[in-house]
Amino acid sequence: MALRPCPLFIGGEWTTVSGVATTPVHNPSVGEVIAETPLCGADVVDQAVQAAAKAFPAWMETPPVERARILFRLKVLLEDHFDELARSVTTEHGKTLAEARGDVRRGLENIEFACGAPSLLMGESAENVARGIDCDSIRQPLGVVAGITPFNFPAMVPLWMWPIAIACGNTFVLKPSEKVPLTTIRITELACQAGLPPGVLNVVHGGRVAVDAILDHPLVKAVSFVGSTPIAQYVHERGTKSGKRVQAAGGAKNFVLVMPDADVSPTATGILEAAFGCAGERCMAGSTAIAIGKAADTVLPQLVDVVSKVRVGPADRDPDAQMGAVITPEHKARVCDMITQAAAAGAKPLTDGRTTKVASAPGGFFVGPTVLDHVRPGMVTMKEEVFGPVLNVVRMDDLDAAIELANSSPYGNGAAIFTRSGKAAREFRHRIQAGMVGINIGVPAPMAFFPFSGWHASFFGDLHLQGRESVAFYTQQKVTTTRWFSMGEGTIWADR
Ligand code: NAD
């Protein structure tokens, strides 16, 4: 099969780059290479930044309402191409079509939010802050800003960034994950069709070298990053050192507490979705369930029952597949190795995804949903982000101990509790050290108008992605204090 093109988009032109190393893009469902991503160097990043800088003055002067109109047109185009985009996500990522539709839908909601730019950018004003003196604030764009994204949400995560950034009047350089560049390319084509002027959105490809070039470029004023914690921390340190604003969302270990009074069936389903949705490749994956008291006896058998019925398959060709493949063969090997290590340390696999075979797609990168019981702190699957379909089950005696264990994690993205007790839920919400909390909701990922508010090692920076915090991140405020001494010449009123 012919490889799909993986062009760059710079200054309104699609271009290719030759003479650079490339890295493969797989269709993980079948294990085929479908494209090669060029690993661009600093020269290419500079071209993209220069194009964005050239486009900035005119774009900044474009009234927010006109910028929003282009985003409205893009929203309509994405709706028109919704299934095509979902298929693109499935093809390059391996998640099921239903999950891919969620990926595109959540991205689209960020465009809908960005369409509100005219009111989101409104400032504040106060009359008579002192006698005869008024004060107001306005929000202005920063200039060229950049986004660096992970592989696990090819549509949504880039759309967390550039629509709101450009709605605020900035111009943008996007470096999508080198593992999943194709959906971004298609969405960029549609953005052109919607009328986005040349240079407002630019797309470059690559890995560490391209990222460093973005972080060091003097014309880049702010960087949005989403990816693993070590890289998020690195991006934040290097970017802030060179004087940029940086928001860097990192990895996670999310705990799901199950109280003995939890409603059994919806709790089992909630944990199933939290742990195994997108094959566990989610920063909001509920990767550790803490069964409190008798919860292990009630919820665990039902959970194992539903998990063992999950149909694993090639998402791009099996419409009934409930869980797809993981992203690369190396990642599959890493996930299986972590299961092996945990089992050797005493964890008991109640279901074991290492042995999963999919007859219709023998080359796919499949790991079946794996439930590890009797997991203890210190085991590798507890310490590290597995980012695969592996659920730790830890048994504990009471809510206090469970909250203490969850709070001992260095991460702080999401946490959830399943219970019928308002008191337990209230206690959990108050004391848990995580920025996104679910009460009887396994994956409490906030909608586009709320911030994606990770804590601790899950986020480096001050202002989060999504919602009003993203508007604050992509703008700087100007506060004007005004006094007038007299009427101008020719006035027909007497001065007061
Ligand atoms: P990753 O950190 O490997 O890559 C993310 C980006 O960083 C990519 O664009 C990649 O090209 C770049 N990169 C990789 N290595 C680099 C290096 N050494 N120097 C500079 N740049 C580098 O992450 P991934 O595997 O693509 O994505 C999975 C991770 O993303 C998980 O840890 C997941 O939890 C996290 N994630 C977090 C959120 C969140 O909101 N907190 C959302 C989605 C994903």
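The model is predicted, and local features need pLDDT of at least 70, side-chain atom pairs pLDDT 80 or more, whereas totals for chains, interfaces and linings use all residues. Residues are numbered from 1 along each chain as its sequence is written, and side-chain values use heavy atoms, without hydrogens and water.

The ligand is surrounded by 26 residues, each with a heavy atom within 4 Å. Thr149, Glu178, Ser228, Gly250 and Glu385 are the closest. The shell comprises twelve nonpolar, ten polar and four charged residues. Asp, Glu, Lys and Arg count as charged; Ala, Val, Leu, Ile, Met, Phe, Trp, Tyr, Cys and Pro count as nonpolar; the others, Gly among them, count as polar. Domain 1 (8-250 + 458-481) and domain 2 (255-439) each contribute at least three shell residues. These bounds come from an automatic or database domain assignment. Helix α8 (208-216) and strand β10 (220-226) each provide at least two. Helices (H or I, at least four residues) and strands (E, at least two) are DSSP runs, numbered from the N terminus.

Polar contacts are pairs of N or O atoms within 3.5 Å. A ligand oxygen lies 2.6 Å from a side-chain N or O atom of Glu178. A ligand nitrogen lies 2.7 Å from a polar backbone atom of Gly250. The protein buries 88% of the 840 Å² that the ligand exposes when taken alone, by the Shrake-Rupley method with a 1.4 Å probe.

Methods
Polar contact = N/O pair within 3.5 Å; in protein donor to acceptor, adjacent residues only side chain to side chain.
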